[in-house]
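Trainee: I have a new model on my screen, and I would like to learn how to read it step by step. Could you walk me through it?

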Amino acid sequence: MLQPLSPDLEKQIIEVEEQLRLAMLISDVATLDQLIADDLVFTNHLGQVISKQDDLAFHQAGLCQFQTIEYSERRIQPIGEQMVVSVEVQWAGLYGEISFQDHLRFTRLWRRSPQDLWQVIVGHSSVIQSNIH
């Protein structure tokens, strides 16, 4: 049986998801540092496993400049004291001098830190295929 999602918890998760989106968009490393758990395990759409340190270094290097990150079709599901978020993402930008545009789905597991902050502990992204026959 699914746990009901309280309006207050839903609002909190939508807020941290938006903070994460904006921090990624401008490579705000300080905010990303707060939103990502130290023991993060993230598997990207290329199958690479990324740590918090890897993610922060990626943003600090400045090689990737996002122009847009747009969320749609978000689902939030409580699991005990943690929250699972599945969100469809369209993003575009420059990696070095190469432009990119991807349509992805992210799944993130949020938990509260000892300081009572919501942090991403586990994540995964996959490419959404269009034109599948």
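This is a predicted model: local features need pLDDT of at least 70, side-chain atom pairs count only at pLDDT 80 or more; totals for chains, interfaces and linings use all residues.

Trainee: What does the radius of gyration say about the protein chain?

Mentor: The idea is to compare the value with what a compact globule of that length would have. For 133 residues the expectation is near 14 Å, and the protein chain has 15 Å, so the two agree. Along the principal axes, the C-alpha trace spans about 45 × 40 × 25 Å.

Trainee: Now the strands. How do strand 5 and strand 6 run, parallel or antiparallel?

Mentor: A general point to begin with: in a regular strand, side chains alternate between the two faces of the sheet. Here, strand 5 and strand 6 run antiparallel and are joined by 9 bridges. Arg111 stands opposite Gln119 in strand 6. The two strands form a hairpin with 5 residues between them, and Asp116 in the turn has a positive phi of about 65°. Strand 6 also pairs with strand 1; those two run parallel, with 4 bridges. There, Ile36 stands opposite Val120 in strand 6.

Trainee: Which residues touch the most other members of the largest nonpolar core?

Mentor: That core has 27 residues, and the ones with the most contacts to other members are Ile13, Leu20, Leu32, Trp91, Phe106 and Trp110. Several elements give two or more residues to this core, including helix 1 (7-26), helix 2 (29-35) and strand 4 (82-95). Take Trp110 as an example: leaving out residues up to four places away in sequence, its contacts include Ile13, Val16, Leu20, Leu35, Trp118 and Val120.

Trainee: I also see rings lying against each other. How many aromatic pairs does the structure hold?

Mentor: It holds 5 aromatic pairs. One of them joins Phe42 and Phe106, which are stacked at 6.1 Å centre to centre, with 25° between the planes. This pair links distant parts of the chain, as Phe42 is in strand 1 and Phe106 is in strand 5, 64 residues apart. Phe106 also pairs with Trp91, this time edge-to-face, at 5.4 Å centre to centre and 65° between the planes. Trp91 lies in strand 4, 15 residues from Phe106. Phe42, Phe66, Trp91, Phe100 and Phe106 form one aromatic cluster.

Trainee: Why does Phe106 count as buried?

Mentor: Look at relative accessibility, where under 20% is the cut-off for buried. Phe106 has 5%, so it counts as buried. Phe42, at 15%, is buried by that rule too.

Terms used: Residues are numbered from 1 along each chain as its sequence is written. Side-chain values use heavy atoms; hydrogens and water are left out. A nonpolar core is a set of buried Ala, Val, Leu, Ile, Met, Phe, Trp, Tyr and Cys residues joined through side-chain atoms within 4.5 Å. Buried means under 20% relative accessible area, exposed over 50%, partly exposed in between (1.4 Å probe, protein chains only). Contact means heavy atoms within 4.5 Å. Rings of Phe, Tyr and Trp (its six-membered ring) pair if their centres lie within 6.5 Å; planes under 30 degrees apart count as stacked, over 60 as edge-to-face and the rest as tilted. The radius of gyration is taken over C-alpha atoms; the globule rule is 2.2 Å times the number of residues to the power 0.38. Two strands pair if DSSP finds at least two bridges between them.
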